[in-house]
Each structure stands twice: as structure tokens, then as C-alpha cells.
Amino acid sequence: MNRPLILARHALVAGAAIAALCAQPLLAQSMSYEPVDGESSASGTTKKRGGLSSRSAGGGARTTIQPYIEATQNVLFELSPGDDVLTYSTIAAGVDMALNGRRTQGAVSVRYERRIAQGNNNRGINGDTVSGLARVKHDLVPRKLAIEAGALAVRTRFEGNGASSLNPVANGDASNQVYSLYAGPAVSTNVGDVALSGSYMLGYTRIEQSSSPQNPPANSLTQVFDDSVAQSAQVSAGIAAGTVLPIGLTATGSFFQEDISNLDQRVRDMRASIQANYPVSSTVAVIGAIGYEDVSVSSRDALRDANGNGVIGSDGRFVTDTSRDRQIAYETDGLTWDAGVMWRPSRRTALSAFIGRRYDSTTYYGSFSYTPNDRSALTIAVFDNISGFGGQVNRALRDLPTDFEVNRDPFNGQISGCANGAQGGGCINNALSSVSASVFRARGVNATYSRRIGRMTAGIGGGYIRRSFIARQDSVLGAANGTLDESYFVDAGINGPIDRRSSFAISTYAALFQNGVSDLQDITTVGANASYFRNLTDRLVATAAVGLVSVNRKVVEDDTIASGLVGLRYSF
């Protein structure tokens, strides 16, 4: 195992340790409901007992750390296409952290799970996984210098057409383990009337396959992404409207580069622009910008055999011909423009909507957030960018809230695709819906809404992404150039207390993948889970859950699996 993979595999554990060391006195993460003093919630978190906390002298802010161990007995009923019954046990250990202080904000949830199958027909169930999510921001110098970091570990199931679905019930031979992490500083200051800011982020993403897939044809779009390193930087200098001029002016320069190991693909996106901001009223401003862009996608070709076909290595991926120079697959440069509006009627509502020209075509992007009170939050984001799989995952990770509340699938412990915080939410489903190795232009939308209803918490997330793949016509991935695929998803759930000692959680999800080559390769996934939790003691929680998932394919028979489990969790 190479060093980058080792770093990625343990990133979440390291993030938890770093967060604990750098945390100032912090506020506890808000829970879906408040247990009475000394009583555990169904998740195993207590209000005054259990876990570790660090309080300030005034008794206000704190950080909470909740480690736990868990054991479950699981059963899978295959309803179609066969009728197998599989049983397995799991042993898991994890920790949940909440940070919300004057200088540190963030959350960490990491879990290790070991699955042990019973019987000879284990269908690839045996194995272990690390799953979790971390987002931490720490102000080294208040309001001037901050450092931000995040990490993700999640398991996905990939299909022969490049589609990917989150949280498969069992490991199987078609499972991927995705690791992604990023970190970097951000600085902001003022020199007289001029506001200066800058940031740099370095990210790494890797897919680890449970086994090598069957060799795909040499022109296939189904080459699975391996790993990549992504960098992004931005600097800006601006003056506010009414200081020097009636309008505000901001000069911005940005740089993005992703180096993908598959065929040494590289995405490079450099931009410079001047933006003018004119306040129409105290709540509305119109914005216009003109700039210059230089965007390129390049790669090497694969080694060729005597018949001219691409050589495939033991990992099922094309072997890169490093003796040949990198060749341009896509390139555009020239003037860009943007025009839009920003509306901020209050600190709880913000809208930005833009139309412009980038990538030598029309672009649309923007965002909307609405938090009318501390019980509900709505977030919508529209995006348009060029990257590989790793860059897309890094972006989705950075867009998640730092005060997220994680939801986990009861049957595999994996995180759901969406996370909600007090001021909004985000989803990673779009970024993970395809594991193809080719670079692509991604256009789409993510939306989340969360609401507390009495002592219950409900949330829903949904989105759409359209990928247009980019490759050299004379390369082994030439058939992928210009092809499209589209993904839609929805993820919803509700949880809350039943009485003083018990609670429930219900989640549903659906995803549709539409292949651009043939609709015979479209895939629909639908699933639902229901869980019941009972506090046996202050620290010991019993769990029971049932679930159903169905995967519909047009070429092969559908997969439908019912699941059940019982288990115990002990929180320290």
C-alpha cells in the first residue's frame, strides 16, 4: 500500500486527534433532541454523563467527544433474483466530536467496522471499512488567518457503466472505498480602504477497489478512477462601494489544477477578472465582471499491444505510456464575463444568481440560503465546473457545513450523502454518483432542507448533475469524448424520541443514473430503513432495524434485498 493511501485511510482518525488538541473551550453540538439530565439519548450521547467535555471557566463553551463500541447481528434476505439468506455479525468502534467555539468550529464522526459472515456463502461480506466525515476550521489569528481541513471515507458500489451508488448493503466484488481529504489556509485583512484576501487548498482523493474488475474493452468509459491531487488558490483585492467610488471594485485571480493518475490526466483552470458591484438599495446589488480564462485538459495515452489495443494492468486500469508526451484534449482561452444580482434582505436570507460565459459557452451558477429561525434551514447551490472525480469530491466536501449532524445507515454504519447544520446543509451524492476516470464538465444543483418539528428532526436533500466527458479522440478513452450521463438523487429522513428512554429513525433514498450512450444502461436505486433505539442504561443502547433496497437495471435482473438487525452500543 503506497504512502498517499495510508495517509488517506487514516485521515479521519488524525483529524479527530488534531481537532481535540487545537480546540478552544467550545459549545456542544446540537442534538436532535435533549435527553433529561443524566439520561442517554438513543444515539448514546448524554447531556451530563458519558463522553468527554472541556469547559471554560465561565461554564459556557465546550467541546464534546463521544466514543463508542457496537456489536450487531444482521440477516439479509435476497428477494430477487435469487432467494439466498445470509447472516453476519459486525463489531464496530467509533467517535463523534462536536466543536463550536470562539476560534474553532467543526465536527468529526469516524467509525471502523469489521464484518464476520456466518456460513460458507458469504458473498463478499467479510471485510472491514473505515467510514466518516470531518470538517474543522480554526482561527489562528481571529478574523485574519484561519486554517481549514476536511476528510471523507465512504463505501460505494460501482456498475459496469460507471454509475456508483452509496452504501451498498454488502461489500461484494463491485465495491469501492473512497477516501478524500483537503487542508489549507485562508487569510483576510485590510490595508486602508482595500480589503485583501487569499486562500490555498490542497486535496487528495483515492478509490480503493475490493478486487480488480474484469478487463473492460479498450475504448470503454468504465475505467474506474484511481487517485488524484487537486490544488486551488485565490487572491483578491477590493474596495467597497461608497468608499473611493460609488461602485465597489474587486480584482480577483484564481487557479485550479487536478493531476489524475489514470493516463496522467491534468485539468488546469486559471482566471483573472475585475468585478464591479453597484448597490441598488440597502438589500440589492447588481454585479458585473469581465476577465480572462485559460483552461486546458491534457493526458497521455495508454501503452498499446501488437493489435493497437490499450494494455490493461492487474488493477483493471489502462497502463500509461510514460514515454510519450502529454497531449491536449481540450483547451480554451479568452475573455469571460459574468452578470448577476445579490439580494440580502437580512442576515438569515441570501441570494446570488449569475449568468456568464466561461469554457467558451454560456454558464449559470448561484446560491440561495434561508434560515428563518433556529429550527429550519434551506440551502440551494447551482454549479458549473471542469474537473475529475477527485476535484468534484473535494468541492462537495468543502461545501458541507462545519456543524453537521451525521446520519448513518443502520446496516453498514456508512454516512448518508447529505449533512445538515444550523445555517444550512450540503450533499456529496452528486460527486459520488459516477466513478469514471475521465475528466468531465459538471453542471448541476444541490439542495437541502432541515426542520425541527417539536422534538423531532426532519431533513431532505436532492440534486442533479450532468457530466460531459472530455478525452482525446485518438486516445484509448476517445469514445468517451463528448458523451453525457446524468444523475438524480433524493435523500430524506426523520428521527426523534418516542419516550424518555427510546427513540426512532426513518430514512429513505432514491437515485437515478441515466447513461448517455444507451438507455439500456440506466439504473434506478430505491431504499428505506427504519430503526428503534432503547436506552437500557445511561450508556448502553439496544438497537433493532429493518430495511429494504431495490436496484433496477434494464439489461439484467433486478436486485431486491430485505435486511434486519439487532445490536447493542456502549458509549463511554
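Tutor: Let's begin with a term: a residue is buried when its relative accessible area is under 20%, exposed when that figure is over 50%, and partly exposed in between. Keep in mind that we are looking at a predicted model.

Student: Thanks! With that in hand, how many residues of strand β21 are buried?

Tutor: Strand β21 covers residues 456–470. The strand is mostly covered, and the count of buried residues among its 15 is 12.

Student: Which strands pair with β21, and over how many bridges?

Tutor: Take the partners in turn. Strand β20, residues 439–453, pairs with β21 in the antiparallel sense over 15 bridges. Strand β22, residues 484–497, also runs antiparallel to β21, and here the number of bridges is 12.

Student: What is the phi of Gly454, in the turn between β20 and β21?

Tutor: β20 and β21 form a hairpin with 2 residues between them. Gly454 lies in that turn, and its phi is positive, at about 65°.

Student: Moving on to Ser376: buried or exposed?

Tutor: Ser376 belongs to strand β17, residues 376–387. Its relative accessible area is 4%. The cut-off for burial is under 20%, so with 4% Ser376 counts as buried.

Student: Which residue of β20 stands opposite Ser376?

Tutor: β17 and β20 run antiparallel and are joined by 12 bridges. Beyond its neighbours within four places in sequence, Ser376 is in contact with Tyr370, Thr371, Tyr449, Ser450 and Arg451. Of these names, the one that stands opposite Ser376 in β20 is Arg451.

Student: And on the β16 side, which residue of β17 is the bridge partner of Gly366?

Tutor: Strand β16, residues 361–373, pairs with β17 in the antiparallel sense over 6 bridges. A hairpin through 2 residues joins these strands. Within the pairing, the partner of Gly366 is Val382.

Student: Why is α3 described as largely enclosed, and how many of its residues are buried?

Tutor: The buried residues of α3 are Phe389, Gly390, Gly391, Gln392, Val393, Asn394, Ala396 and Leu397. The helix is largely enclosed by the rest of the structure because, of its 10 residues, the number buried is 8.

Student: How far apart in space are Ile415 and Ala153?

Tutor: Ile415 sits in the loop between α3 and β18. It is buried, with a relative accessible area of 2%. Ile415 and Ala153 are 262 residues apart in sequence, yet C-alpha to C-alpha they are separated by 8.8 Å.

Student: What about the surface: how much accessible area does the nonpolar patch with Leu548 have?

Tutor: Leu548 is in strand β25, residues 540–553. At 44% relative accessibility, Leu548 counts as partly exposed. Phe77, Leu79, Val85 and Leu548 form the patch, and their accessible area together is about 370 Å².

Student: Last one: Arg143 has a positive phi, so is its side of the story buried or exposed?

Tutor: Phi of Arg143 is near 65°, a positive value in a residue other than glycine. Arg143 is found in the loop between β5 and β6. Because its relative accessibility is 73%, Arg143 counts as exposed.

Definitions and conventions
Residues are numbered from 1 along each chain as its sequence is written. This is a predicted model: local features need pLDDT of at least 70, side-chain atom pairs count only at pLDDT 80 or more; totals for chains, interfaces and linings use all residues. Side-chain values use heavy atoms; hydrogens and water are left out. Buried means under 20% relative accessible area, exposed over 50%, partly exposed in between (1.4 Å probe, protein chains only). Helices (H or I, at least four residues) and strands (E, at least two) are DSSP runs, numbered from the N terminus. Two strands pair if DSSP finds at least two bridges between them. Contact means heavy atoms within 4.5 Å. Patches are made of residues with over 30% relative accessible area and no salt bridge: like charges are joined within 9 Å, nonpolar side chains (Val, Leu, Ile, Met, Phe, Trp, Tyr) within 5 Å. Accessible areas come from the Shrake-Rupley method with a 1.4 Å probe; for residues, only the protein chains shown count as cover. A salt bridge is a side-chain nitrogen of Lys or Arg within 4 Å of a carboxyl oxygen of Asp or Glu.
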